[in-house]
Amino acid sequence: MTTIGITTTVPTEVLLAAGYQPVDLNNLFISDPDPERLVDIAERAGFPINCCTWIKGIYGVVMDQGIDTVLCVTSGDCSNTIMLMEVLKLKGRNVIPFAYPAHPDVSQMQYTLESLAQTLNTTLDAAEEARIKLEKARRLAHELDELTWRGNVVSGWENHFWLVSSSDFMVDIDEYERQLDQLITECHDREERGERQERKKGNILRLAYIGVPPIFARDLYDFVESQGARVVFNEIQRQFAMPNPDNSQNSLAEQYSSYTYPYSLSDRLNDILPQLPYRRVDGVIHYVQAFCHRGIGDIIFRHHIDLPILTLEGNNDYLLTQHLKTRIEAFTDIVRRRAQASLVSRR
Ligand code: SF4
């Protein structure tokens, strides 16, 4: 299969049907042992200092690994991708633009998917077959998510990692399924995270994480757990995995119309708001990337979410700074007092 770089989650099934192996360039960048080196490549090429680190990392990884073809999402993700695409074209890369429809409408999505299939010389029927092949992996990702918030046997980091990896299924769908299946089996044997008892005392907090994936993921989830809190809802990562628990999506067009990330904040809130009480969330971390337009959405989230919210901004530090750690400590302290006060008032 020919490797195709992707700048965010795209209709993978169409790419697979066309004989491409999608590789999420964000995952390649952030899992590199030296991501700063990749950002340096972009800055030396002229990308501004005040340009988002993810965009520079994507550029760096394409140049560093000699990736020849890139599917660039020009609508429904990041406006910077339009300029990134122009630069990649200038550097001789084969770029294919892809735009999500303006609204999550099934017939518009059907048209969009057909156009993509035509561009890649395949058909939507072939892509539907690929959708069926990916069902098991998506079901496993959903099961892991259930074991996170309902079973309390999966950490916030494990949840993040496996859901975010579903954008390209770790470039090997069989291996993704095998490893995730094994993890789920292990999780069934784990003790429930002592949570029920501790929660009765207001000690273990349940947090939601909303926003784009963090640049300092591992450190963030581990540090949150060290403060007696646990992320039980990773919003966008869960969207990447496209869970279909009630089997209500019968086609690719329906599946990608239920996917909220490319659309408005009110579409995303329609997903987020019911999940907060459902997963018994005590507080929300909203991550924003420096120089990202999505940071403005904080105003809207704060207006609609009736829970304590901590807005964390990351730039090009791949570990939490002391300043961010202090803010997380203070936040968990406030949320804990609030949770304990609500327990007392209920007694
Ligand atoms: S974090 Fe924001 S600016 Fe950066 S790539 Fe994502 S959408 Fe674009």
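Trainee: Which residues are around the ligand?

Mentor: Here a residue is near a molecule if its C-beta atom, placed from the backbone, lies within 6 Å of it. The residues around the ligand are Cys-52, Trp-54, Ile-55, Asp-77, Cys-78, Asn-80, Val-212, Gln-289, Cys-292 and Arg-294. This is a predicted model: local features need pLDDT of at least 70, side-chain atom pairs count only at pLDDT 80 or more, and totals for chains, interfaces and linings use all residues. Residues are numbered from 1 along each chain as its sequence is written.

Trainee: How many residues of each class does that shell have?

Mentor: Ala, Val, Leu, Ile, Met, Phe, Trp, Tyr, Cys and Pro count as nonpolar, Asp, Glu, Lys and Arg as charged, and the others, Gly among them, as polar. The shell around the ligand has 6 nonpolar, 2 polar and 2 charged residues.

Trainee: Now the sheet: in what order do its strands lie?

Mentor: Strands of a sheet pair through backbone hydrogen bonds, either parallel or antiparallel. Two strands pair if DSSP finds at least two bridges between them; helices (H or I, at least four residues) and strands (E, at least two) are DSSP runs, numbered from the N terminus. In this model, 4 strands form an open sheet with parallel pairing, ordered β6-β5-β7-β8. Its edge strands, β6 (229-234) and β8, each pair on one side only.

Trainee: Which residues stand opposite each other?

Mentor: Strand β5 (residues 205-211) is joined to β7 by 5 bridges, and Ala-208 stands opposite Val-284 in β7. Between β7 (residues 283-289) and β8 (residues 309-314) there are 6 bridges, with Val-288 opposite Glu-313 in β8.
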